[in-house]
Amino acid sequence: MLARPVSRGRIIMGRLSKGADLLASLTQLCLNENVQLGVVRAIGAVTRARVGYYHQDRRTYSYLEFDGPHEIINLEGNISLKDGQPFVHAHIALMAEDGRMVGGHLAEGTEIFACEYVITELLPERNRTFERFFDEATGLYLWPLIKD
Ligand code: ZN
């Protein structure tokens, strides 16, 4: 496992632009504000969505697209570094007009109608950054485990 204490940094709150890509906007925000570690939450609505599902056996994502307006019931994610740049890993729960819920791993291709976010910046102790590396056991880019 990996367990490292972190402390709270800034809290950044705001709204994303209509028509922009949700994941790309969150990533750009982290670049602009130099957030290297943190958590992100958001609610709002999208005009269309694209989410991933990771096939654990095949070690590949497949993507689902949901056309048309959906409410963002919840977006929850974390921010850390990948290749030295801020990387947003977020999952999204969406509601369609008939009340049905869909969701998944947020992917590019999700278009914002309205989005209100809160980012809580976290500061690692002794500047030990959280960086994603390729993990052989899962095929994903994850934070490294510490051998115990
Ligand atoms: Zn994911």
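I began with T110, which counts as buried because its relative accessibility is 1% (buried means under 20% relative accessible area, exposed over 50%, partly exposed in between, with a 1.4 Å probe and protein chains only). I note that this is a predicted model, in which local features need pLDDT of at least 70, side-chain atom pairs count only at pLDDT 80 or more, and totals for chains, interfaces and linings use all residues. Residues are numbered from 1 along each chain as its sequence is written, and side-chain values use heavy atoms, with hydrogens and water left out.

**Entry 1: T110**

I located T110 in the loop between β5 and β6 (111–124); helices (H or I, at least four residues) and strands (E, at least two) are DSSP runs, numbered from the N terminus. I found that the side chain of T110 reaches the backbone oxygen of A107 at 3.3 Å. I listed its contacts (heavy atoms within 4.5 Å): not counting residues up to four places away in sequence, T110 touches A20, D21, L22, V46, R48, A49 and R50.

**Entry 2: S25**

I placed S25 in helix α1 (residues 22–33). S25 counts as buried, at 17% relative accessibility. The side chain of S25 reaches the backbone oxygen of D21 at 2.7 Å. Leaving aside neighbours within four places in sequence, I recorded L16, A20 and I112 in contact with S25.

**Entry 3: zinc ion**

I looked up which residues coordinate the zinc ion, and found H89 (NE2), H91 (NE2) and H105 (ND1), at 2.1 Å. Donors are N, O and S atoms within 2.8 Å of the metal (3.2 Å for Na, K and Ca); water is not among the atoms, so sites may look incomplete. The sequence spacing of the donor residues is H-x1-H-x13-H. H91 lies in strand β4 and H105 in strand β5, so this pair ties together parts that are 14 residues apart in sequence. I noted H91 as partly exposed, with a relative accessible area of 42%, and H105 as buried, at 19% relative accessibility.

**Entry 4: lining of the pocket**

I then asked which strand supplies the largest share of the lining of the largest pocket. That share, four residues, comes from β4. I found that β3 (60–82), β4 (85–95), β5 (101–106) and β8 (140–142) each supply at least two residues of this lining.

How values were computed:
Polar contact = N/O pair within 3.5 Å; in protein donor to acceptor, adjacent residues only side chain to side chain.
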